[in-house]
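Let's take a friendly walk through a protein chain and look at how some of its charged side chains pair up.

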Amino acid sequence: MINFVACQLFALLAAFWFRIYLSPSHASSAVRHAFATLFGIYFAVFCFGWYSIHLFVLVMMNYGIMNMASIPNIHRYFPLILELGSSNKVTVAAKLSDPWSEVLDLVLDFELEKAEVPELYSFVVAMGYLTLCHISRIYIFHYGILTTDFSGPLMIITQKITTLACQLHDGIGRQAEELTAEQNRLAVKSRPSLLEYLSYLLNFMSIIAGPCSNYKDYIAFIEGRHVHMKLLEVNWKQKGYDRLPDPSPTGAVMYKLCITLVSLILFLTLTKNFPMAYIIDNEFLDKTPFLSRLGYLYVVTQAAKPKYYFAWTLADAVNNAAGYGFSGVDERGSFRWDLLSNLNIWNIETATSFKMYLENWNIQTAAWLKRVCYDRAPWYPTALTFILSALWHGIYPGYYFTFLTGILITLAARAIRNNCRQYFLSSVPLKMAYDVVTWAATQLAVCYTVAPFVMLAVEPTIKFYKSVYFHMHILSILVLLLLPIRPQASSLRRAQNQAMVNSVKSKDK
């Protein structure tokens, strides 16, 4: 904990220096990449000692995998290639006698299929290595959290590796017509150099606590195009500016540091005084009524949040201090520095739906799950996304209780909202009553869902569920059995996009 705070505070000072003295107008992109990488490596070694070797091994393994996609001999067959479609199937126009035409066809198929395989390999290797480290952390280094817990940075690097792999695949291995608007915008058209790759994965702003960001955004930041690019996206002239503004992150950094300080105070005063373990204490269970237990569950869940508020907001401030994280201009003409924000505290505490809560908690991880899993899953995207999230977090049984329960509650909450919400929009009092009830239900559902995440083990989790009579599980199942399931707009859009892709592929044939 001390190493973490020391590194992040030092990173904050380094970030201010980086923005002032190594700005794109004072230093080349190569110098900025090299400084960010070397300081990131130093922080990793300082914090985690020899355990940091896991970070470097994973990074270099996946750099090798990424470069397996090169096809060095393809120029030899260029005269024979008539068409390369989206499925990477080759039509050979030359009239060659058998068996040479068949041999050439096999060679071309093999070489071109290699171009798509490394993206899958990167995903499997990164997630596999992370899982092995999770296992070793539990069974070799005792059940619990290490004082030198290197899994956090490894989880962030895994996100970045798989993000870059998918975006490279979109830019090189797929046609523009097959991509969504966001995938098209973030697609990476060429492989990064070793320095760019290391800088993206190991830079000092995000090596300790993240967050994960898109490769194109990071490269634009290093090259000095980041702010300009975001201003062009929002059409800054329509926001009342006569010339291209030069927004400063100082105000945003100071605001986030204030939130960090308050979160630290709350962590030191509340978190240790309201432990989650107390809700399964035998004496507490014997003497406390059911509704009071639910109330205390809400209190201990609230007490567990400040450490996340502290770590994620400080990480956001570090990136902003370096000049990274600008997202545009809001409706009032104010500059926004929330591109890398990992949470929205107000929206979390006032969420009136499970979906709204999840969208504002660990935002960058949710965006990563959406980019690499939800938007690409051929079936059951919600279930597969929750399962990937659990696997990424680790192998503690409590994580899987949390995410499997989350699938059930998400589907039930969606069914209730789709079937009932429209009846409460006719008047302000009805809408207010609906919001109050859904706020209370959402907060209790979240508390019920995340309790196993904190408890980690099977025995306390089952004991907790028994103490509250599995009520959320039972209610969710009843809702899904009784209420009709209406298709979401996103599901309809996915079906339309798939139809469009199929149409494009059929034309290519």
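## Salt bridges and burial

Lysine 287 counts as exposed, with a relative accessibility of 64% (exposed means over 50% relative accessible area, buried under 20%, partly exposed in between, with a 1.4 Å probe and protein chains only). This is a predicted model, where local features need pLDDT of at least 70 and side-chain atom pairs count only at pLDDT 80 or more, while totals for chains, interfaces and linings use all residues. Residues are numbered from 1 along each chain as its sequence is written, and side-chain values use heavy atoms, leaving out hydrogens and water.

Side chains of opposite charge can pair when their charged atoms come close. A salt bridge here is a side-chain nitrogen of Lys or Arg within 4 Å of a carboxyl oxygen of Asp or Glu, and the count comes to 13. Three of them are shown below.

| Salt bridge | N to O distance |
|---|---|
| Lysine 287 and glutamate 283 | 3.2 Å |
| Aspartate 170 and arginine 174 | 2.9 Å |
| Glutamate 349 and lysine 305 | 3.3 Å |

The pair of glutamate 349 in helix H15 and lysine 305 in the loop between helices H13 and H14 links distant parts of the chain, 44 residues apart (helices are DSSP runs of H or I with at least four residues, numbered from the N terminus). Both glutamate 349 and lysine 305 are buried.

Is aspartate 170 buried or exposed? Aspartate 170 is buried, at 2% relative accessible area, whereas arginine 174 is partly exposed at 22%.

Key: Helices (H or I, at least four residues) and strands (E, at least two) are DSSP runs, numbered from the N terminus.
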